[in-house]
Every structure is written in structure tokens, then in C-alpha cells.
Amino acid sequence: MEKTTTKDLAEKLRSQYIKISPEGMIAHDIELMSDNDLLDMDYFLHEFDDDDFGEEGCYLF
């Protein structure tokens, strides 16, 4: 079993975000980001993806 390094993960995310850039960014912005900045951005973009808000009928109006 291969161990994924931070560098490997950052390069995978960089390729993904260059193809489909987050709102307000362009591919060139992604290319210039450091590995740590890229990993931080990915974390914050997906921070609440696994939350169960809404599944129990709790909505904000």
C-alpha cells in the first residue's frame, strides 16, 4: 500500500482545481498557490460537506 504524501495530494488537487477553478479564481491563481495554501483552500471549501444539516428538517429562513 502506497502512502500518499502532502505533495502528492496538493498536486492532485492543483490539477483538479486548474480544470474547474473555484468561484472567483482562475487557473493561474491555482498554479501560483503554495501546496499549503492549496490544501487549506480545499479544507475550507469542503469543511461542511459531511454535516447532516437539513436532513433532520432544521432549516434557516
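The legends below describe close-up views of a predicted model.

Local features are taken at pLDDT of at least 70, side-chain atom pairs count only at pLDDT 80 or more, and totals for chains, interfaces and linings use all residues. Residues are numbered from 1 along each chain as its sequence is written, and side-chain values use heavy atoms, with hydrogens and water left out.

**View 1. The protein chain has 3 helices and 0 strands.** Helices (H or I, at least four residues) and strands (E, at least two) are DSSP runs, numbered from the N terminus. Along the sequence the pattern is α-α-α. Of the 61 residues, 20% count as buried; buried means under 20% relative accessible area, exposed over 50%, and partly exposed in between (1.4 Å probe, protein chains only).

**View 2. The largest nonpolar core has 8 residues.** Such a core is a set of buried Ala, Val, Leu, Ile, Met, Phe, Trp, Tyr and Cys residues joined through side-chain atoms within 4.5 Å. Its members are Ala 10, Leu 13, Tyr 17, Ile 30, Met 33, Leu 38, Leu 39 and Met 41. Helices α1 (6–19) and α3 (35–45) each supply at least two residues of this core. Neighbours within four places in sequence aside, Tyr 17 is in contact with Pro 22, Ile 30, Leu 38, Met 41, Asp 42, Leu 45 and His 46, where contact means heavy atoms within 4.5 Å.

**View 3. Arg 14, in helix α1, counts as buried.** Its relative accessibility is 9%. Leaving aside neighbours within four places in sequence, Arg 14 is in contact with Ile 30, Glu 31, Met 33, Ser 34, Asp 35 and Leu 38.

View 4. The buried residues of α3 are Asp 35, Leu 38, Leu 39, Met 41 and Asp 42.

**View 5. Tyr 43 and Phe 44 form an aromatic pair.** The structure holds 1 such pair. Rings of Phe, Tyr and Trp (its six-membered ring) pair if their centres lie within 6.5 Å; planes under 30 degrees apart count as stacked, over 60 as edge-to-face and the rest as tilted. The rings of Tyr 43 and Phe 44 are edge-to-face, at 5.2 Å centre to centre with 80° between the planes. Phe 44 has a relative accessible area of 55%, so this residue counts as exposed.
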